[in-house]
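Work through the exercises below with the sequence and the three-dimensional picture side by side, and try each task before reading its solution.

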Amino acid sequence: MTIANVHLLLTGNELMTGDIVDSNSAMIAQQCKAIGIKISRKVTLADDLDLLAKEIEHLTKDADVLIINGGLGPTTDDLTAQALAMASQRSLKQHPMALAHLKTWCEQRNAHLGKANLKQALLPENCNIIANRIGSAVGFSLTLNDCQIFCTPGVPSELNIMLDEVIIPELASQSNFTAEMDITRLQLFGIGESTLQSMLVKNFPNWPKEVEVGFRASSPLIELKLTVEKNEHLSIKIDLIQKIKTLLNDHIIEEIKDKPYSLAELVLQLCQQKNLKITTAESCTGGLIASEITKISGSSSSFEAGFVTYSNNMKSKLLHVDENILEQHGAVSEQTVIAMAEGALAIAGADLVIAVSGIAGPTGGSKEKPVGSVWIAWGNKDKIHTKYFCIKANRENFQRTVAARSLDLIRRLLIESSQTPLYF
């Protein structure tokens, strides 16, 4: 059997107003894609009974499978069961398995089974229950217009269990898909999506049709994904990947095997491999670089101290930056970040250092040093490198960009890269 059309229907006023960001459809699409099934349509609707019923009837006329997400809770705006009953012209009845589940769920939590919760046991007659191991709302399934309908809760953890244990195995058993799909994911930094795409178009004008390419931006990193659906095309992808790695070189942070690593994780790994200690001296980023490092378990093996010296007085007092340097060149200057870096290295007794000083804005700039100006210093006791940037962004994005570039620059030093970053 070929499942050609899978549609998604997501419900909830919060989705429509932006109070909740939809991540569930991505979860569903990813798990479906793993068994060779692609989502062909996604619809999001507010909590409106008539709209939901009409859309369910419409979608099922064209779909092989419809997955409805959300609207299974105990409140009056949870309307999925009622809308599906209306669309399928079935009665709402108390389902014995759903009721038993609710009673057990409440007993385990010493909670009272109230009238609102009992609403979750009212389901379209003759539907099939999808168990929920962790939540109060069971899922359920039925067929309408020769379309299989799976109704799932909006809580991501509950949805994930239902997909993993029931829905995906059931769809896989009906599909003629063979698990030959092979995916390579490359994580990059310092290159934008449009630039990356232009480079690939320019350097690979005859891109092989057997290899699907995808881009995913997850600031500050970008993921390049290459997919083939048949083993016989694997050699084409392998050859292409080698050429891409040669082209992009050190812009590639890693080839993702399991979960992607952050820049801080990669820097920490390199420090641990080389038995090196790193320190930071931060002004405009307010400790963000140190925070990115220390949020990682085991970071104390390579990171013992960082310094946040926001004022000129603290730059002098804590990092021993000469007051004459600050008076003559200012806090945002090459001379100051060098002095900050040297001071941090000496005080922390570290092998590597990152130092930053800039103007995050939105105020505080001048003609000579506009908002967005930042000096970054990185290096070791033998040599401190420096670079000036003017990063036009709001305060938060400015700080994140400065932190990311700083970590990337020290990463490049650790891998002895000779490639000039594209953001230079």
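**Exercise 1.** Which residues does His 95 touch, not counting residues up to four places away in sequence?

*Solution.* This is a predicted model, in which local features need pLDDT of at least 70 and side-chain atom pairs count only at pLDDT 80 or more, while totals for chains, interfaces and linings use all residues. Residues are numbered from 1 along each chain as its sequence is written, and side-chain values use heavy atoms, with hydrogens and water left out. Next, look for contacts, meaning heavy atoms within 4.5 Å: His 95 touches Ala 121, Leu 123, Cys 127 and Ile 129, with residues up to four places away in sequence not counted.

**Exercise 2.** Decide whether His 95 is buried or exposed.

*Solution.* Buried means under 20% relative accessible area, exposed over 50%, and partly exposed in between (1.4 Å probe, protein chains only). His 95 has a relative accessibility of 14%, and therefore counts as buried.

**Exercise 3.** In what order do the six strands of the open sheet lie?

*Solution.* The order is S2-S1-S3-S8-S7-S6, with mixed pairing, where two strands pair if DSSP finds at least two bridges between them. Strand S2 (39-45) and strand S6 (128-130) each have a single partner strand, so one side of each is left without a neighbour in the sheet. Finally, S1 (residues 6-11) pairs with S2 in the parallel sense over six bridges, and Leu 10 has Thr 44 in S2 as its bridge partner.

Conventions:
Helix = DSSP H or I, 4+ residues; strand = E, 2+ residues; numbered from the N terminus.
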